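Please find below my comments on the structure you sent. I have kept them to a few numbered points, to be read with the sequence and the model open.

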Amino acid sequence: MSWWWAGAIGAAKKKFDDYGQPSTYKSVGLIIGVTGIIGNSLAEILPLSDTPGGPWKLYGVARRLKPDWNSDHLVEYVQCDVSDPNQTQSKLSVLTDVTDIFYVTWANRPTEAENCENNGAMLRNVLRAVIPNAPNLRHICLQTGGKHYVGPFESFGKVQPHDTPFTEDLPRLNVPNFYYTRGYIVRRS
């Protein structure tokens, strides 16, 4: 069974014994937003023995205390509010072995301009803490969603969205969009 299907149909069913803790890791992932839907799924899938790039060591970052429902994940949990630049620097700059960042969090604000500002600042805080201290960093993965192609909530009905099917090579819509802000920040890093 492929790593994708193993995760999609229930990686959580696997026991710790199935993971087999390796003594060395090929990849070290930093999941920003580990308690969300995508972050939690990554924390289940990446430790599987047949996951590409593995075996994976994982750090998981979230604002809240580590919840009971993901206590069995093989993740070194880091409680950190990435909207706080000092806390982010203090807690993430020490993660010097990170090779891959999975940025799967966002914060909703009343306007898209505020979304751009707040979500951009959160990502900048993470990158400023990790990039100078992780010499083996090779990949940053940004999660986007449907608003990347149809525009932010406040633009619904005011801007023509792209026709389906959506593909990653579609041009950007001519509206503010925090996904675009974050992509720009990563390219400039």
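This is a predicted model: local features need pLDDT of at least 70, side-chain atom pairs count only at pLDDT 80 or more; totals for chains, interfaces and linings use all residues.

1. The protein chain has an average pLDDT of 87, with 88% of the residues scoring at least 70.

2. Strand 4, which covers residues 100-103, pairs with strand 5, residues 139-142, in the parallel sense, and the pairing runs over 4 bridges. Within this pairing, Asp100 has His139 of strand 5 as its bridge partner. Together with helix 5, which spans residues 112-130, strand 4 and strand 5 form a β-α-β unit that is right-handed.

3. Leu74 sits in the loop that lies between strand 2 (56-62) and strand 3 (76-79). Its relative accessibility is 22%, and Leu74 therefore counts as partly exposed, given that buried means under 20%. The C-alpha atoms of Leu74 and Gly60 are 9.5 Å apart in space, while the two residues are 14 residues apart in sequence.

4. On the cysteines, how many disulfides does a search of the whole structure find? The search gives 0 disulfides. Cys80 counts as buried because its relative accessibility is 1%, and Cys116, at 14% relative accessibility, counts as buried too.

How values were computed
Residues are numbered from 1 along each chain as its sequence is written. Side-chain values use heavy atoms; hydrogens and water are left out. Two strands pair if DSSP finds at least two bridges between them. Helices (H or I, at least four residues) and strands (E, at least two) are DSSP runs, numbered from the N terminus. A crossover is right-handed if, with the strands pointing away from the viewer, the path from the first strand over the helix to the second runs clockwise. Buried means under 20% relative accessible area, exposed over 50%, partly exposed in between (1.4 Å probe, protein chains only). pLDDT is the predictor's confidence in each residue, from 0 to 100. A disulfide is a pair of cysteine sulfur atoms within 2.5 Å.
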